[in-house]
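Please keep the sequence and the structure in view while reading.

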Amino acid sequence: MSSTPSPTATDEISWVLTPLLELPGVLHAVIATGDGLVEGASDGLGRASAERVAAMTATLHAASRAFTTSFTDVEQPRLAQTVVESDLGFAIVVPAGENTSLAVFTTPEAQLGNVAYQMQVQVAALGRALASPARRQDATARS
């Protein structure tokens, strides 16, 4: 049994990334589980890179929580977002529901306020989609 999600599972959730990838300056996006597995990734990001991003997203969240706890003595603080700035751009990670995170990488010129806002919009849409039961067409209604 493989621990990597099937392409079908990844394709079913990747729709969340489309509006983010349409924003100016957004280069890549990944949806990752809390244990570092890829749930969805932008087409321009290779599978190996997406898997590294997912693993690092889990590590980054754990380190951010520990870092915050060190300052506050509050165990298990709720993270709103983690931002890493480099000369190449920004990596932004936000919680995206139970045991899931959304990560994007942007150019240095990207409008971070717009990106952060759209990330929250997509997280809310993902939450609604995952909470909704799957639609099933009634066999009697097909005639």
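## Two loop residues

Asp73 counts as exposed because its relative accessibility is 67%; exposed means over 50% relative accessible area, buried under 20%, and partly exposed in between, with a 1.4 Å probe and protein chains only. Asp73 is placed in the loop between helix H3 (47-72) and strand E3 (82-86). Its phi is near 60°, a positive value in a residue other than glycine. Helices (H or I, at least four residues) and strands (E, at least two) are DSSP runs, numbered from the N terminus.

The loop between H3 and E3 also holds Gln76. With a relative accessibility of 62%, Gln76 counts as exposed. Although Gln76 is not a glycine, its phi is positive, at about 55°.

## Basis of the model

The model is predicted: local features need pLDDT of at least 70 and side-chain atom pairs count only at pLDDT 80 or more, while totals for chains, interfaces and linings use all residues. Residues are numbered from 1 along each chain as its sequence is written, and side-chain values use heavy atoms, with hydrogens and water left out.

## The sheet

Five strands form an open sheet in the order E2-E1-E5-E4-E3, with antiparallel pairing; two strands pair if DSSP finds at least two bridges between them. Strand E2 (38-41) and E3 are the edge strands, each pairing on one side only. On average, neighbouring strands of this sheet are turned by 15° against each other, direction ignored. Axes here are lines fitted to C-alpha atoms, for helices over the stretch in contact, and angles run from 0 to 180 degrees between N-to-C directions.

Six bridges join E4 and E5 in the antiparallel sense. Within E5, Val104 is the bridge partner of Ile92. Helix H3 lies across E1, E2, E3, E4 and E5, and runs at about 65° to E1; contact means heavy atoms within 4.5 Å.

## Nonpolar cores

A nonpolar core is a set of buried Ala, Val, Leu, Ile, Met, Phe, Trp, Tyr and Cys residues joined through side-chain atoms within 4.5 Å. The largest one has 18 residues, of which Ile92, Leu102, Val104, Val115 and Met119 touch the most other members. At least two residues of this core come from each of strand E1 (26-33), strand E4 (89-95), strand E5 (100-106) and helix H4 (112-131). H4 gives the largest share, four residues.

Which residues does Ile92 contact, leaving aside neighbours within four places in sequence? They are Gln81, Thr82, Val83, Leu102, Ala103, Val104, Leu112, Val115 and Met119. A second, separate core has seven residues, including Ala32, Val38, Ala41 and Leu45.

## A buried glutamine

Helix H4 also contains Gln118. This residue counts as buried, because its relative accessibility is 16%. Not counting residues up to four places away in sequence, Gln118 touches Pro19, Leu20 and Leu23.

## The largest pocket

The largest pocket holds about 280 Å³ of space. On a 1 Å grid over the protein atoms alone, a pocket is an open set of points where a 1.4 Å probe fits, with protein on both sides within 12 Å along at least five of seven lines; lining residues have an atom within 4 Å of a point. Grid points are joined across faces, edges and corners, and the volume is the space filled by probe spheres set on the points.

The lining of this pocket has 16 residues, and Val53, Thr57, Ala91, Ala103 and Phe105 lie nearest the centre. E1, H3, E4 and E5 each supply at least two lining residues, with the largest share, five residues, coming from H3.
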